Amino acid sequence: MVKKNNTKDDTSARAKELYENVIKHQLTDDQLGMYLAIDVESGDYEVGQDGLKTAHTLRKRRPSGLLFGMLHGSYTTGSFSYAPPTPGSWSLVE
């Protein structure tokens, strides 16, 4: 589990681990290339056509979660944000 004081690299590594071991096996081929927001603390995720809407939907379920965004099928292309672990920090997903 990632703690909120961990680095961006720790968060990315945890998101990749969740994606590879759990999430991608639950997604369909029709969802390939769609935006994926992952709460790296709980493993909860949301998939959608719009990156910000997808992140906001997950943020409603996990208001204090540490979110990581990516495209299903890609670790870097289409990555849209990293939610900083410090309270009050600005990010695209807060």
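## A walk through a predicted α/β chain

In this predicted model, the protein chain has an average pLDDT of 79, and 72% of the residues score at least 70. Over residues 77-81 the pLDDT is below 50, although this stretch has 19 contacts in the model beyond near neighbours in sequence. A further stretch, residues 83-94, also stays under 50, and for these residues the model has 25 contacts beyond four places in sequence. Where pLDDT is low, the predicted coordinates should not be read in detail. Among the helices and strands, confidence is lowest in H1, at a mean of 88, and highest in strand E2 (residues 45-48), at 96.

The secondary structure comes to 2 helices and 3 strands, and, read from the N terminus on, the elements follow the order α-β-β-α-β. Of the contacts between residues at least 6 apart in sequence, 48% join residues at least 24 apart. Of the 94 residues of the chain, 44% count as buried, while the chain exposes about 5,400 Å², of which carbon and sulfur atoms supply 52%.

Within H1, the buried residues are Thr11, Arg14, Ala15, Leu18 and Tyr19. Seen down the axis of H1, these buried residues fall within an arc of 135 degrees, so they line one face of the helix. The background to such a pattern is that an α-helix has 3.6 residues a turn, so residues three or four places apart point the same way. On the other side of H1, Asp9 and Asn21 are exposed, whereas the buried residues of H1 pack against strand E1 (35-39) and strand E3 (67-71).

Helix H2 runs over residues 51-61 and contains Arg59, and its buried residues are Gly51, Thr54, Ala55, Leu58 and Arg59. They cover an arc of only 135 degrees around the axis, which puts them on the same side of H2. Lys53 and Lys60, on the other side of H2, are exposed. The buried residues of H2 pack against E1, E2 and E3.

Arg59 deserves a separate look. Its relative accessible area is 12%, and because a residue counts as buried under 20%, Arg59 is buried. Arg59 is also 14 residues away from Tyr45 in sequence, and the two lie 9.8 Å apart in space, C-alpha to C-alpha.

The nonpolar core remains to be described. The largest nonpolar core holds 13 residues, of which Tyr19, Ile23, Leu36, Ile38, Val40 and Met70 touch the most other members. H1, E1 and E3 each supply at least two residues of this core, and H1 gives the most, with 3 residues. In soluble globular proteins, nonpolar side chains tend to be buried together.

Note on methods. Residues numbered from 1 in each chain as written. Predicted model: local features only at pLDDT ≥ 70, side-chain atom pairs only at ≥ 80, totals over all residues. Heavy atoms only, no water. Buried < 20%, exposed > 50% of the residue type's maximum accessible area, 1.4 Å probe, protein only. Helix = DSSP H or I, 4+ residues; strand = E, 2+ residues; numbered from the N terminus. Arc of directions from axis to C-beta. Contact = heavy atoms within 4.5 Å. pLDDT = per-residue confidence, 0-100. Core = buried A, V, L, I, M, F, W, Y, C linked by side-chain atoms within 4.5 Å. Areas by Shrake-Rupley, 256 points an atom, 1.4 Å probe, with all protein chains shown as cover.
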